[in-house]
Amino acid sequence: MGKGLLRRPRERLLVNNLPMKKDFTLVWDIDDVLNRLTHDWLELFWRPSHPECKTTYADLTSNPPHESLGIPLHTYLESLDAFRFSAIAKSLAPVPETLDWFQKHGHRYRHLALTARPVASAPDAAEWVLRHYGRWIRGFGFVPSPRPGENLPDYGKTKAEWLQWISVGDVLIDDSPFNLAGAHQIGIRTVMIPQPWNVTPGTIADSLLELSTF
Ligand SMILES: [Mg+2]
């Protein structure tokens, strides 16, 4: 389907004759794209407190990974939420390949971060993104992942709905086939970041090189 059919038309303005690429907006997933959340949760948080766990990061064939780990979804979510508020999570390192891409190519584009997560963890995520990537990423959006007992205003439940509303995103970079399929359906280009659960060949650096072809 053509890109303009479902999206609101957007006027592209050239300001001071900046190259057009500067108006091209990349939308970045945070977890497992800008950071190594799942890897660090598993290796630094879950496995140390569950020595019986023999599942390695490469064994995670789905995300959320509870089935790969043989645990209930709520057990995984409770552990992940505890990890998000831990000191380890506050000091997560950026993905080296991603940070390297920003340092070399980031200035050529505009950037937004877009994450799906519990609303309670959004402030820390925004702080982390802007601390590590704020030279380039100038906006933060999130889609709440509801937790029991939460009753939040409903502005849409998916990243695709958020992208359709914000209407300036040209490419979504994400590790979730579901999120990328939703973006594709509304005419947004997509780049899959390889992780064990999406069975994408190549390296993160290889995937990021696709951005220079747009
Ligand atoms: Mg992700």
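Colleague: Which elements do the buried residues of α8 pack against?

Modeller: Some terms come before the case. This is a predicted model, in which local features need pLDDT of at least 70 and side-chain atom pairs count only at pLDDT 80 or more, while totals for chains, interfaces and linings use all residues. Residues are numbered from 1 along each chain as its sequence is written. A residue is buried if 20 or more other C-beta atoms lie within 10 Å of its own, exposed if 12 or fewer, and partly exposed in between, with C-beta atoms placed from the backbone. Helices (H or I, at least four residues) and strands (E, at least two) are DSSP runs, numbered from the N terminus. Two residues are in contact if their C-beta atoms, placed from the backbone, lie within 7 Å. Here, the buried residues of α8 pack against α7 (159-166), β4 (171-174) and β5 (189-192).

Colleague: Which residues of helix α8 are buried?

Modeller: In α8, residues 177-185, the buried ones are Asn-179, Leu-180, Gly-182 and Ala-183. Viewed down the axis of α8, these buried residues fall within an arc of 160° (the arc of the directions from the helix axis to the C-beta atoms), so they line one face of the helix. The face turned away from that buried side carries the exposed residues Ala-181 and Gln-185. After α8 comes Gly-187, with a positive phi near 85°.

Colleague: At what angle do α7 and α8 pack?

Modeller: Two packed helices are described by the angle between their axes and the distance between the axes. Axes are lines fitted to C-alpha atoms, for helices over the stretch in contact, and angles run from 0 to 180 degrees between N-to-C directions. For α7 and α8 the angle is about 35°, and their axes are 8 Å apart. The contact is made by Lys-159, Ala-160 and Leu-163 of α7, together with Asn-179, Gly-182, Ala-183 and Gln-185 of α8. By class, this contact of α7 with α8 has 3 nonpolar, 3 polar and 1 charged residues. In that count, Ala, Val, Leu, Ile, Met, Phe, Trp, Tyr, Cys and Pro are nonpolar, Asp, Glu, Lys and Arg are charged, and the others, Gly among them, are polar.

Colleague: Which residues of helix α5 are buried?

Modeller: Helix α5 covers residues 96-105, and Thr-98, Trp-101 and Phe-102 are buried in it. These residues cover an arc of only 100° around the axis, which puts them on the same side of α5. Pro-96, Gln-103 and Lys-104 are exposed, on the face turned away from the buried side of α5. What covers the buried residues of α5 includes α6 (122-133) and α9.

Colleague: How many residues does the largest nonpolar core have?

Modeller: A nonpolar core is a set of buried Ala, Val, Leu, Ile, Met, Phe, Trp, Tyr and Cys residues joined through C-beta atoms within 7 Å. The largest one here has 30 residues, and Val-27, Trp-28 and Ile-173 have the most contacts inside it. Apart from it lies another core, of 8 residues, including Leu-37, Trp-41, Trp-46 and Leu-80. Leaving aside residues up to four places away in sequence, Val-27 touches Leu-112, Leu-114, Leu-163, Gly-169, Val-171, Leu-172 and Ile-173.

Colleague: What is the phi of Asp-32, and what is the phi of Val-199?

Modeller: Asp-32 has a phi near 70°, positive in a residue other than glycine. Asp-32 lies in the loop between β1 (25-28) and α1, and is buried, with 23 other C-beta atoms within 10 Å. The phi of Val-199 is near 45°, also a positive value in a residue other than glycine. Val-199 sits in the loop between β5 and α9 (204-209); with 10 C-beta neighbours inside 10 Å, Val-199 counts as exposed.

Colleague: Is the peptide bond from Asn-63 to Pro-64 cis or trans?

Modeller: Read omega. From Asn-63 to Pro-64, omega is near 10° and the bond is cis. Pro-64 lies in the loop between α1 (37-49) and α2 (66-69).

Colleague: How many helices and strands does the chain have?

Modeller: The chain has 9 helices and 5 strands. Along the sequence, their pattern is β-α-α-α-α-α-β-α-β-α-β-α-β-α. Of the 214 residues in the chain, 30% are buried.
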